[in-house]
Every structure is written in structure tokens, then in C-alpha cells.
Amino acid sequence: MTDRPSPRSSTGWHLTRERLRDGLYAGLVPWTACVLALAGLTQWVGAGQAGRPPALEVSDPHIFLPYSDNTETAAFFTVTNAGGADDELVSVTSPAIAKAMLSRHRSNGGGGDSMGMADSAAVPAGAALTMSPFGLDVMVTLRKGTRWSEGDAVPFVLHFRHSDSVRAVATVVRPGS
């Protein structure tokens, strides 16, 4: 094998196998990364995960019948998110009540419990937020002079960070039923 002179340009730069190979490798790395990213995005879109906003539904709305002359009680909802993105319940309102606040009950251990207000509650994609007297609920203050009976219907509007508000009608029930 004989050494052949490399073609030279007028600038002094000349093409060699090493330069050709290095240029090919330098271009191959970003090209491969783009192909892999495109394949991954195609898979994600094909699986239905891309661009699916939260899809919220409210079920099992009920509110406890207040004891005696008490003006405070609790309301409960199950919020199901069948969408592809997380959301947050940020507030609950009703024209039939004076005030509503999200609250969370916590066990302190040793038989003690505490209650604190919650700014919001997560509603993860593909999951449900189920309220209960032992976890998250909506603390409700009735308007003065309001008297409810078991079976009454109370309208509520649940407000979310990313989704439209959802209306629900809670049924007044006796605690423990």
C-alpha cells in the first residue's frame, strides 16, 4: 500500500479518513438523540398520555345534619380524576351556607386528634380524592336561622386550580349513616 497525498484546498485544510470519521460521529450523536426523542414522544402520544387535561367528576356528595342548634357541620365529596394531569381542589362554595373551608383531621398519636385548615387538596391523575370525617372534609357554617332536615338537598360548587368548577348537590344525612 502506498501513501497517497491528500487532496488539499487553497486554505491548507485537507480531508483525511480521520476527519471524515470524526465528522460522521459528531453528526450521528445528535441525529440518534433526535430519533430516540421522537420515538418516545410518538409512544407517549399513542398511549393517550399527551395533552390529556384533568377530567373531574364529583360523586357521593353528602353533608351531616347539624346537632341541635349547632351552626357548623361537615360536607363530603369524592372527586375522581380520569384525566392525564393532576389538579387541585382549592375551594368549595354554596349559596345555601355562610362559609365553607377545606379542613384536614390528623391523629397526634396516643389518642389525640387535631384539625387544621387546608389551602388545597391534590386530585392526582387517574385517582380519586375521597373525603371522610377522619381525613379531609369541608367545614360548613350555616346561615343564621337555617334549619335542615334529613334528605334536604344543598347545592355546592367545587373550584379547582386548573379545571372548570363542578356543581354538586349534597344530601343532608345523619352522621354515621
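Select Glu150 and Arg174 in this predicted model: their side chains form a salt bridge, with 3.1 Å from N to O. Glu150 sits in the loop between S8 and S9, while Arg174 belongs to the segment after strand S10 (166-173), so the contact ties together parts that are 24 residues apart in sequence. Colour the pair by accessibility next. Glu150 is partly exposed, at a relative accessible area of 47%, and Arg174 is partly exposed, also with 47%.

Now select Arg147 and Asp69. Here too the side chains meet in a salt bridge, at 3.4 Å from N to O. Which parts of the chain does this pair link? Arg147 lies in the loop between strand S8 (136-142) and strand S9 (153-160). Asp69 is found in the loop between strand S1 (56-64) and strand S2 (72-81). The two residues are 78 residues apart, and the pair links distant parts of the chain. Are these residues buried or exposed? Arg147 has a relative accessible area of 60% and is exposed because that value is over the 50% cut-off. Asp69, at 59% relative accessibility, counts as exposed as well.

Move on to Arg21 and Asp22. Their side chains are joined by a salt bridge with an N to O distance of 3.7 Å. Arg21 is partly exposed, with a relative accessible area of 41%, and Asp22 is partly exposed at 44%.

To finish, show every salt bridge at once: the structure holds four, among them Glu150 with Arg174, Arg147 with Asp69, and Arg21 with Asp22.

Conventions
Residues are numbered from 1 along each chain as its sequence is written. This is a predicted model: local features need pLDDT of at least 70, side-chain atom pairs count only at pLDDT 80 or more; totals for chains, interfaces and linings use all residues. Side-chain values use heavy atoms; hydrogens and water are left out. Buried means under 20% relative accessible area, exposed over 50%, partly exposed in between (1.4 Å probe, protein chains only). Helices (H or I, at least four residues) and strands (E, at least two) are DSSP runs, numbered from the N terminus.
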